Amino acid sequence: MRRVIALNMLVVGLAVTAAGPAAAQEEVKVVDHVSKKESQVKGVIDSESPEGIKVKSGKDTTLVPAMDIKFVQYRLGDVKSYEYNMPFNKESKALDPATKPADRLQLLRDARGDFDALGAKMAGNPNAVRYFQFKSAQALAELSVYDVMQIDQAITVLKAFKADNDKGWELVPALKLLAEVQERKGDVAEARQTYLELVKIPNLPKEMKQDAELLIAQLSIRAGKLDDAEKILDGMRTNLAPNDPQRGVALVYLGQTQIALNKLAEVEATLKGALAATSEPSVKGLAHNALGDYYRKKNLNEEAFWEYLRVDALYSQDRNEHAKALYFLSKLFADVKKDKVKAQEYVDKLKLLDDTPYAKMAAAEK
C-alpha cells in the first residue's frame, strides 16, 4: 500500500525541463510525504545528512527531509544543463506505464550510464558524486524489476553504497530500496534486517518509521518470528492515534499474529477495531479475511463464510486477498453447505486469478 507510493515518490517520475535553474543556484524539488504537495527550495546547499538537506537562502535555512527529496540540482560547473537533465528524463520515460518493455530496459540502462558519467564529471563536488552514485544504484534496482538477472547485482551495489555513504541524505531511500529488492528476491531475513537499520536512523520522520515498523512486523511474521511481530504491533496499537491512517493495517497484522500464536481472546475485538479505524477498501478486505480465519479456527464456519463473502462482494481490490476469499468460499460451500455447484463456481472464479498463491494451491489440490 504505502510502500508502493513511497517508492514511486523516491524514484524520480518527472520530466525535467532542459532549461534548468541558473548555474549559480542550487535547487531541491520536494514532495511532502504527508500532503503529497510538490514544491521547490532554491538557494545554496548548506549541509547534507541522513536527516535531509539544509538549503540556505539569504538569512533563512530550510531543512528538506530525506524522504521528501525528489530531485536535486547541484551547481553545474562545466556540465551543461541539458546534459544534467538527460538521465532524469530517460528515467522518467522508462517508468511511464505506456513505454514498451524493451524500450524501458534500454532507457534504464542508458540512464544508469549517464548518471555514472555525470558523477565522474562532477568529481569536484562530493555531494553531487554521491547523489549520482545513488541514482545509478536506483536505476539498477528499477532495472531488476523487469530483468530479474539484475537483482543480485542491485543488492550488491546498494549494500556497498549504504556502507560507504552513511552520512548523506541518500541513506534513507537507499536502505528502503535495498529492503524492497531483498524482499522481491525472497531474502526475508535480510530485508527485515535492513528495515531494522532504517528505523534506527536519528530523526526519521514518524510516517516513515511507522511504515518501516509495519514492514518489519510483516516480515517477522513471514520469518516465523511471531513474538517479535506481536511486540512491534502491540506497541503500534498503543502509540498510533485513533485517526492515524496506519492504525487499521497495524491492527489487522496484530490480529493475524494473534491467530498464528493461538492467542484468540482479543482477536475479534482487534480486527473489528481495524475495520472501524479505516476506510481503505484493501485494508477492510484484509480485516474481513482475517476475521474469516479467526472464525474458522473457532469452528464458527457460518460466521467465517460471511466474512469471506464480504471480501468477494465488496473488497476484492487486492488480487491476493480476493483469491484467498474465493479459495475458502469454495471450501465452505463444498464441506459445510454441501453445495457442490456453488463450490465449483468459486473454483472457476479462482482460476481467473491464476497468478496468486491461493489459485496455485487450489490447482495443486486437483
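Guide: In this predicted model, the axis of a helix is a line fitted to C-alpha atoms over the stretch in contact, and an angle between axes runs from 0 to 180 degrees between N-to-C directions.

Visitor: Are helix 4 and helix 6 roughly parallel or roughly antiparallel to each other?

Guide: Helix 4 spans residues 126–146, and its axis lies 11 Å from that of helix 6, at an angle of about 20 degrees. Angles under 35 degrees fall in one named class. Helix 4 and helix 6 are therefore roughly parallel.

Visitor: Which residues of helix 6 make the contact with helix 4?

Guide: The crossing of helix 4 past helix 6 is left-handed. Helix 4 contributes Phe 134, Gln 138, Ala 141, Ser 144 and Val 145 to the contact, and its partners on helix 6 are Pro 173, Ala 174, Leu 177, Val 181 and Arg 184.

Visitor: How many residues in the contact of helix 4 with helix 6 are charged?

Guide: Seven residues of this contact are nonpolar and two are polar. The number of charged residues is one.

Visitor: Are helix 6 and helix 7 roughly parallel or roughly antiparallel?

Guide: Helix 6 covers residues 171–185 and helix 7 covers residues 188–199; their axes come within 8 Å and cross at roughly 165 degrees. An angle over 145 degrees passes the cut-off for the class in question. The two helices are therefore roughly antiparallel.

Visitor: Which residues of helix 7 take part in the contact with helix 6?

Guide: Helix 6 and helix 7 have a left-handed crossing. On the side of helix 6, the contact includes Val 172, Leu 175 and Lys 176, while helix 7 supplies Glu 190, Ala 191, Thr 194, Tyr 195, Glu 197 and Leu 198.

Visitor: Which residues of helix 16 meet helix 14?

Guide: The axes of helix 14 and helix 16 are 7 Å apart, at an angle of about 35 degrees. Helix 14 brings Asn 320, Ala 323, Lys 324, Tyr 327, Phe 328 and Lys 331 to the contact, and helix 16 brings Pro 357, Tyr 358, Met 361, Ala 362 and Glu 365.

Visitor: Which helix gives the most to the lining of the second largest pocket?

Guide: This pocket holds about 730 Å³ of space. Of its 19 lining residues, the closest to the centre are Gln 218, Tyr 253, Gln 256, Leu 286 and Glu 321. Helices that each supply at least two lining residues include helix 8 (206–222), helix 10 (247–260) and helix 12 (281–297). With five residues, the helix that gives the most is helix 10.

Notes. Residues are numbered from 1 along each chain as its sequence is written. This is a predicted model: local features need pLDDT of at least 70, side-chain atom pairs count only at pLDDT 80 or more; totals for chains, interfaces and linings use all residues. Side-chain values use heavy atoms; hydrogens and water are left out. On a 1 Å grid over the protein atoms alone, a cavity is a set of points where a 1.4 Å probe fits but cannot get out, and a pocket is an open set with protein on both sides within 12 Å along at least five of seven lines; lining residues have an atom within 4 Å of a point. Grid points are joined across faces, edges and corners, and a volume is the space filled by probe spheres set on the points. Helices (H or I, at least four residues) and strands (E, at least two) are DSSP runs, numbered from the N terminus. Angles under 35 degrees count as roughly parallel, over 145 as roughly antiparallel, 65 to 115 as roughly perpendicular and the rest as oblique. A crossing is left-handed if the near helix is turned anticlockwise from the far one by less than a right angle, and right-handed if clockwise. Contact means heavy atoms within 4.5 Å. Ala, Val, Leu, Ile, Met, Phe, Trp, Tyr, Cys and Pro count as nonpolar, Asp, Glu, Lys and Arg as charged, and the others, Gly among them, as polar.
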